[in-house]
Amino acid sequence: MTDYGFFRVAACVPHVQVGRAAENAIEIVRMASEAAADGARAICFPELCLTGCTLGDLVHNEKIRSDIETALAYIREKSAGISSLLVIGTPLNYGDAVLDAYAAIRSGSIVGFAVNPHPSDIRNYAQPITGLSGSVRLCGEEIPVMQSLTVHADNATLAIQASGPASVADADIVFLPSGYTEIAGRTAELKSLVTRQSADMTGTVVLASAGHGESTTDALYAGHALIASDGTIIAERHRTTGTIMADIDIQSLREARKNGVPASCSPEPGKSDGSAASQKPEVCPSPFITGPEVFEETFYIQTASLITRLEHTGIRKLVIGISGGLDSTLALLVCVNATDLMGISRKDITGITMPGFGTTDRTYTNAVGMMKSLGIEWREINIREAALLHMRDIGHDPDIHDSAYENTQARERTQILMDVANEIGALVVGTGDLSELALGWCTYNGDHMSMYAINASVPKTLIPGIISYAADMEQFSAARGNLLDVIATPISPELLPADSQGNIVQKTEDIIGPYELHDFFIYHFIHSRFAPDRILQLATTAFAGKYDEATISKWLNLFLKRFFNNQFKRSCMPDGPCCGAVSLSPRGGWQMPSDISLKLR
């Protein structure tokens with residue numbers, strides 16, 4: 001058959017079983033065989049797909065390391081009848097170290113291994129030496145191991161995980177096995193990077209990223225297959241397993257490289273006179289809200305992560321406390337969306353409203369209204385009597401409205417949720433958000449604790465937008481009125497009695513400051529890693545006309561104090577997916593000693 005200068009490539013995203021190399025090898029061979037039968041001559045699989053990206057320290061286990069070599073030998077044997085080049089992400093035993101590598105396998109032979117110079121988790125995978133060039137003995141052969149690998153296949157030159165522009169200078173196609181995690185806004189950035197790289201090299205980039213089956217302890221791997229050629233995406237598959245293919249015009253790309261002129265990076269005429277230097281720079285006051293798509297993307301990540309956790313555990317029932325506030329409302333919507341997508345009954349969600357000393361008619365009405373209109377199983381368990389009994393048991397005067405008075409209620413609610421979950425065989429879904437965790441505005445072993453913290457990386461200022469987005473969805477239309485009123489309700493833990501008219505008196509932002517300021521501080525202190533004085537300068541610009549510098553400085557000082565004093569709460573926080581630019585998970589997001597004395601201002 002004449003190919004007329006075209007070369008068919010494929011990107012495959014399999015469903016992985018974490019730590020089960022043998023089963024993953026079987027799935028890889030199956031998908032590779034099907035793609036090769038459809039004419040693909042080079043096939044890219046995700047990073048570490050032989051074991052899963054989320055294997056963690058188990059990658060060093062002797063049995064796992066043995067299983068990896070056995071699985072590679074299996075793929076090598078089964079590929080004897082496949083002439084296509086297979087690019088497969090795998091841990092690689094290299095002496096005493098384990099490298100994050102990409103195996104190039106073709107026609108029953110392991111051609112070589114390219115090594116990822118930037119492993120996903122440096123605790124588990126060794127950083128390869130710059131300019132690495134060595135070999136490993138595998139399947140009775142010495143197989144080369146290098147920083148990047150170039151393979152010639154038919155009429156094309158293929159580069160595997162090229163580490164820089166020099167290594168792709170002569171490549172027609174670059175393969176990027178990836179293990180990026182899904183966070184709001186990252187997909188657009190990745191597509192931009194891949195298309196730009198394909199344009200810069202006047203060639204093709206094939207990306208396959210880890211997806212379904214990976215653990216969602218702290219992040220979601222959604223699965224992304226992408227093929228871009230000369231600055232244009234020509235095939236894409238996202239958030240599903242499966243295969244994409246594209247025919248690459250190798251001859252045309254080579255002619256373009258030979259005759260083309262790189263795009264100019266110089267300023268546009270008339271734009272380089274320095275006239276803008278005196279203008280005050282614009283600073284976004286809501287750095288977590290990068291665009292309208294962030295609401296949909298965050299809601300998807302939360303939903304997909306919860307589904308994965310349920311599939312991994314085999315649990316099909318959920319328990320959630322519903323207060324009528326922002327956080328529990330968002331968590332409830334995620335639970336309902338997850339059960340709808342899984343095809344299980346909404347009655348498998350048990351929502352519990354637990355009125356206490358500060359519960360108002362407004363929040364109670366919204367809580368009950370949402371649970372009824374969304375068709376979940378719901379209960380009302382009043383905690384006042386239990387809280388008074390407990391305060392009597394510990395000798396606390398209920399007329400003293402201190403932290404013991406407040407936290408008695410929070411811990412009673414958590415106890416109820418955990419015990420009901422045990423009673424019906426369910427998973428307790430946590431509702432606390434990123435902003436509360438950063439400030440320590442949660443009760444230790446109260447609302448601080450759950451079995452899966454679905455909102456843990458979602459900042460408070462993002463939640464109204466996500467609820468508003470969901471309120472416009474048909475599946476939530478029956479609850480739309482309650483959802484919009486939740487957004488309009490003042491933020492409060494409702495742990496202190498209401499006023500004589502039944503209104504909320506304990507307003508969170510009156511006590512700890514505006515969440516829009518705190519989320520600005522969180523973003524730039526943790527994500528941007530700016531010093532507090534610089535954050536103050538940026539905030540003064542971003543919120544000019546709304547808050548003066550003295551007010552911003554006051555709340556910044558409180559943020560820093562609370563952030564450092566409450567690390568102990570974050571050190572033992574439950575699992576929960578990273579949805580955006582900031583995660584405070586002690587496992588993969590933010591690591592800091594609890595006993596730290598640091599003066600930053």
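Axes are lines fitted to C-alpha atoms, for helices over the stretch in contact, and angles run from 0 to 180 degrees between N-to-C directions.

I note that this is a predicted model, in which local features need pLDDT of at least 70 and side-chain atom pairs count only at pLDDT 80 or more, while totals for chains, interfaces and linings use all residues. Residues are numbered from 1 along each chain as its sequence is written, and side-chain values use heavy atoms, with hydrogens and water left out.

**Entry: the sheet of 8 strands**

I traced an open sheet of 8 strands with mixed pairing, in the order β6-β7-β5-β4-β3-β2-β1-β14; two strands pair if DSSP finds at least two bridges between them. At the edges stand β6 (133-138) and β14 (242-249), each with a single partner strand, so one side of each is left without a neighbour in the sheet. On average, and with direction ignored, neighbouring strands of this sheet are turned by 30° against each other. I then followed strand β5 (residues 109-115) and strand β7 (residues 141-146), which pair in the parallel sense over 2 bridges, and found that Ala114 has Met146 in β7 as its bridge partner.

**Entry: the sheet of 6 strands**

I found an open sheet of 6 strands, again listed with mixed pairing, whose order is β8-β9-β10-β11-β12-β13. Its edge strands are β8 (149-153) and β13 (232-238), each of which pairs on one side only, and the twist from one strand to the next averages 15°. Strand β8 runs antiparallel to strand β9 (residues 156-160), and 5 bridges join them; the bridge partner of Ala153 in β9 is Ala156.

For the helices on this sheet, I noted that α3 (residues 186-200) lies across β10 (173-178), β11 (204-209), β12 (224-229) and β13, at about 30° to β12. Helix α4 (residues 250-259) lies across β9, β10, β11 and β12, at about 80° to β9. I also looked up α4 against the sheet of 8 strands, where α4 lies across β1 (6-13) and β14 and runs at about 55° to β14.

**Entry: α14 against α16**

How do the axes of helix α14 (residues 515-527) and helix α16 (residues 549-565) cross? They come within 10 Å and cross at roughly 60°. That makes α14 oblique to α16, since angles under 35 degrees count as roughly parallel, over 145 as roughly antiparallel, 65 to 115 as roughly perpendicular and the rest as oblique. The crossing is right-handed; a crossing is left-handed if the near helix is turned anticlockwise from the far one by less than a right angle, and right-handed if clockwise. The contact is made by Leu517, His518, Phe521, Ile522, Phe525 and Ile526 of α14 and by Ile552, Trp555, Leu556, Leu558, Phe559, Leu560, Phe563 and Phe564 of α16. These residues divide into 13 nonpolar, 1 polar and no charged, where Ala, Val, Leu, Ile, Met, Phe, Trp, Tyr, Cys and Pro count as nonpolar, Asp, Glu, Lys and Arg as charged, and the others, Gly among them, as polar.

My search of the whole structure gave 15 aromatic pairs; rings of Phe, Tyr and Trp (its six-membered ring) pair if their centres lie within 6.5 Å, and planes under 30 degrees apart count as stacked, over 60 as edge-to-face and the rest as tilted. Phe525 and Phe559 form an edge-to-face pair, 6.2 Å centre to centre with 80° between the planes. Phe525 lies in α14 and Phe559 in α16, so this pair ties together parts that are 34 residues apart in sequence.

**Entry: α11 and its partners**

I found that the axes of helix α11 (residues 463-471) and helix α12 (residues 480-488) come within 10 Å and cross at roughly 165°, and the two are therefore roughly antiparallel. Their crossing is left-handed.

Helix α5 (residues 293-313) packs with α11 at an angle of about 85°, the axes being 9 Å apart, and α5 and α11 are therefore roughly perpendicular to each other.

Definitions and conventions
Helix = DSSP H or I, 4+ residues; strand = E, 2+ residues; numbered from the N terminus. Contact = heavy atoms within 4.5 Å.
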